[in-house]
Amino acid sequence: MYGGGYIFDEPNGKQLREEQQHDEPEKLAAFEERIARGEKIEPGDWMPVEYRRQLIRLIEQHAHSEVIGALPEGTWITRAPGFKRKLALIAKVQDEIGHGQLLYNAAETLGKSREAMINDMLSGKSKYSNVFNYPAETWADVTVIGFLIDAAAIVNQVANAKGSYGPYCRALERICYEESFHLKQGHDAFIELAAGTPAQRDMVQDALNRWWQPIMHFFGPPDKSSQHSEKLMQWKVKMASNDEMRNQFLESYVPKIWELGLTLPDPNLRKNADTGRWEYSDPDWDEFFRVINGGGPCNEERLRVRKWAEEQGRWVRKALMNPGQKRAMPVA
Amino acid sequence: MSNNAALKDLIIKMADDELILGHRNSEWTGLGPVMEEDIAFSSMAQDKIGHAWALYRILHEDLGGEHPDRFAFIRSEKAFQSSHLVELPNGEYDFSLMRHFLFDQAETVRYESLQNSSFAPFQLLSKKVKGELKYHTLHADAWIMQLSNAGEESYARMQTALNNTIALAAGIFEASPEHEATLIADKVYPGEKELYHRWQERIYPVLVKSSLNLPDMSTITPVYGGRQGFHTEYLQPLLKEMGEVFNLDTEASW
């Protein structure tokens, strides 16, 4: 799914030595000119140290988000009501894992292995989108995730697909194509509940109420408090500001929710007719940082499940490292 | 058709196996030993559940059975006719992989035989399914051979998994005493005994290439019961979970 962007900088990232922090000025200038001309940067090309570092961070977090993002929805595959929903949900979650795979491959072109990235995720050093640290409590949650979180992710990913790093852009193009189907299946399941029995409507309203704040958090802190933005925008690593993407999301989706007679739990949410921009109550940003730093309702569980999968699968990965190795035959 | 009851019995057995194993395979989504296997199991889960759906639709449309969703999501445990093999929890990857290998080879010989079935819907379905099963068995064969030839632990796990599943897999071929003769006489399919034989011919070469020892089939006791509604303790919780949302309101549209 899910970019869910620019949320985190490794606190314990390795400090570069002094000479590594400075790129040769001529090379840097040529690099920046290429980007300004709209050229894509490819794996073998020269790139600034910081560009490489930020891209690895970004793509890796995106990949982790896909893999962890499969968990809250994945737990509902076995409970999806009816053949149509069941098949659609398996296919969708499978796609997300596939996106993770594509993104790990893209990040590997920058010099960090999939194993190293996964280890950093399991140790908590590398993060994933905060939104997956909340539980999917009912079937309606699955529809809200499939509709609105995928929608939010598309806003983010369509922007990033126009970025400067070739392998990431190409991965994102394919991802966006699949995500648009996810959005359709999420929307379809969401509408089914919204237009259903009173109990089904209550379910979906309740899910919306619970997910609204995580969705508002999804695009990251407001621009006024965002750090390292300017250079990343110039290098086309970051393609749109957090507030810009949030506004774009609200513009496209709030009317669709209201049309269905559902409400959103923010009395200040409205479009300002003069500015053309959406206004809303600031979500609780302390909560956002608390969850990023491990204090969310599901952080521990998500990592525990991933660690379990890694441990259970270790013998298989080990065996794959020994292709063709016959077992030792007994001597006598 | 005079053999409707027999046809229904065969379809339900096949479909229930596919649904329950599809359900089990889908539990690997997000948890596989490598991402590629996550994706593979989840893809095969979709195919299995798709086959079950197609079979329940034949039951509904051609033989006057219930709507597929209702038939799959509301039916009682006792009315299921799945084999014990597919009901067991996934366990570790070695068990799941061996089950996948043994089941998909069995499924393949079954659908191959249905290409010439006197029951037309079977012919159509088997043509569609054939292409999918080709990839399932390719996948299973490749992994069985790969892991059996990749060091001590991996080999030992494969052999143990085979020892633990072979009698369960033989249970796939449990015939229904009251219908089997009719189905064979009416040329619906060649019968369980014949399929059991063809299946062994199919799995044997792969096991040989894997240096795995197939237990003496004349000494094993196939695990029967599932086709008669006697199930493992694992089926009831699985069905409860599968129907959890659907059964909140069976009249609603989901």
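pLDDT is the predictor's confidence in each residue, on a scale from 0 to 100. This is a predicted model, and chain B has a mean pLDDT of 96, with 99% of its residues at 70 or more. For the complex, the predictor reports an ipTM of 0.95 and a pTM of 0.92.

**Confidence in chain A**

- In chain A the mean pLDDT is 91, and 90% of the residues reach 70 or more.
- Residues 1-13 of chain A have a pLDDT below 50.
- In the model this stretch still has 43 contacts beyond near neighbours in sequence.
- Where pLDDT is low, predicted coordinates should not be read in detail.

**Contact between the chains**

- Chain A contributes 42 residues to the contact, and chain B contributes 43 residues.
- On the side of chain A that touches chain B, at least two residues each come from helix H2 (49-74), helix H3 (83-108), helix H7 (198-218), helix H11 (299-312) and helix H12 (314-320) of chain A.
- H3(A) supplies the largest share of that side, 12 residues.
- By residue type, the side of chain A that touches chain B consists of 20 nonpolar, 15 polar and 7 charged residues.

**Nonpolar core**

- The largest nonpolar core contains 151 residues.
- Ile59(A), Val144(A), Ala152(A), Ile11(B) and Ala169(B) have the most contacts inside this core.
- Helix H5 (residues 139-160) of chain A provides the largest share of the core, 14 residues.
- Leaving aside residues up to four places away in sequence, Ala169(B) touches Leu85(B), Leu102(B), Phe103(B) and Ala106(B).
- In soluble globular proteins, nonpolar side chains tend to be buried together.

Conventions:
Residues are numbered from 1 along each chain as its sequence is written. Chains are lettered from A and ligands numbered from 1 in the order in which they are written. This is a predicted model: local features need pLDDT of at least 70, side-chain atom pairs count only at pLDDT 80 or more; totals for chains, interfaces and linings use all residues. Two residues are in contact if their C-beta atoms, placed from the backbone, lie within 7 Å. Helices (H or I, at least four residues) and strands (E, at least two) are DSSP runs, numbered from the N terminus. Ala, Val, Leu, Ile, Met, Phe, Trp, Tyr, Cys and Pro count as nonpolar, Asp, Glu, Lys and Arg as charged, and the others, Gly among them, as polar. A nonpolar core is a set of buried Ala, Val, Leu, Ile, Met, Phe, Trp, Tyr and Cys residues joined through C-beta atoms within 7 Å. A residue is buried if 20 or more other C-beta atoms lie within 10 Å of its own, exposed if 12 or fewer, and partly exposed in between; C-beta atoms are placed from the backbone.
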